[in-house]
Amino acid sequence: MDIAEDKAGNRAGEIAMDSPSCTPSCTPSCNSVVSSAALPVAIESLPLYSADEAFRGCYKAVVVAPHPDDETLGCGGAIALLRQRNIPVHVLIMSDGTQSHPRSKQYPADRLRALRESEAIAALRLLHGLPSEVTFFRWPDTAVPHPGDQHFARAVAQCDRALQYHAPNLIFLPWQHDQHCDHQASYQIVHHCLNSWPMPPRQLAYAVWGSRTAGLPALPTGETGWRLDISTVKALKYQAAMAHKSQTTCLIQDDLSGFRLTPTMLNNLIQPWETYLEILGQS
Ligand SMILES: [Zn+2]
């Protein structure tokens, strides 16, 4: 969903400057990822790993997506590569996605929600995912609960139940400083879930709105990152992104304020690699 719709987008704080340290739960790639220092690090200079290298030891993954489309835009390549290796991937979609076209008469909220959920399922099929392996939490778009909100504890409990049930040893979650309130809230919900786990799984953050034109232009200060080689499934990721027709085409024509992923955004999000930030040293 468009960052222009981010009614509460100014919740975004300044980028944290803490320097995480490596933990024993990291994969071997942890020793050769790049941590940014004072100067920005170009994404293209980050180490590039194959799925076999990056996901060694992974037996179950969960992707946390703030909106229906983030699973594809952020992690579509990883999903396809994991599924090609018969590794189960479950997708948790936090919001109902109904604020992408809030003024459409043709697609009122219920119809738009159903459309966006069907698009997410179609995209996951293209990525070799299973339609049964997606859960829609249906929090109101642009109102996924933040810490301190009335429903935050319920959102954490709901997410925790799902994570406990699926018991992944790898979780993909939004970058905590993504420039969208729902992305930040989704990170906080997962973070609060895992805080109570004695042995939290490995966590990889992905940025969809690392800039206003989407993607992550450089490794943010204080972050540790690397790239996943998705060149063999880049075309699949593009097809999956285009399966989100409400976001990528003029399917919904009666809301001039409606969101649409521009070619520039898609180009920034669909590269031969995906960039992941290691969340290290849980606190
Ligand atoms: Zn989103």
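Select C58 first. C58 counts as buried because it has 20 C-beta neighbours inside 10 Å; a residue is buried if 20 or more other C-beta atoms, placed from the backbone, lie within 10 Å of its own, exposed if 12 or fewer, and partly exposed in between. C58 is found in the loop between α1 (51-54) and β4 (61-65). Helices (H or I, at least four residues) and strands (E, at least two) are DSSP runs, numbered from the N terminus. Leaving aside residues up to four places away in sequence, C58 touches L82, I87, N169 and L170, where contact requires C-beta atoms, placed from the backbone, within 7 Å.

This is a predicted model, in which local features need pLDDT of at least 70 and side-chain atom pairs count only at pLDDT 80 or more, while totals for chains, interfaces and linings use all residues. Residues are numbered from 1 along each chain as its sequence is written.

Next, select β4. Five of the five residues of β4 are buried, so the strand is largely enclosed by the rest of the structure. A61, V63 and A65 lie on one side, and V62 and V64 on the other. β4 pairs with β5 in the parallel sense over five bridges; strands pair if DSSP finds at least two bridges between them. The bridge partner of V62 in β5 is H90.

Remain with V64, whose contacts beyond four places in sequence include L92, F172 and V190. V63, V64, F172 and Y206 have the most contacts inside the largest nonpolar core, which has 72 residues. Such a core is a set of buried Ala, Val, Leu, Ile, Met, Phe, Trp, Tyr and Cys residues joined through C-beta atoms within 7 Å.

Now select helix α4 (residues 152-166), which has 15 residues. Which residues of α4 are buried? They are A155, V156, C159 and L163. Seen down the axis of α4, its buried residues fall within an arc of 95 degrees, so they line one face of the helix; the arc is that of the directions from the helix axis to the C-beta atoms. Turned away from that side are the exposed residues A153, R154, R161, Q164 and Y165. The cover over the buried residues includes β4, β5 (89-95), β6 (134-139) and α5 (181-194).

Finally, select residues 1-31, where pLDDT stays under 50; pLDDT is the predictor's confidence in each residue, from 0 to 100. Where pLDDT is low, the predicted coordinates should not be read in detail.

Methods
Two residues are in contact if their C-beta atoms, placed from the backbone, lie within 7 Å. The expected span of a helix is 1.5 Å times one less than its number of residues.
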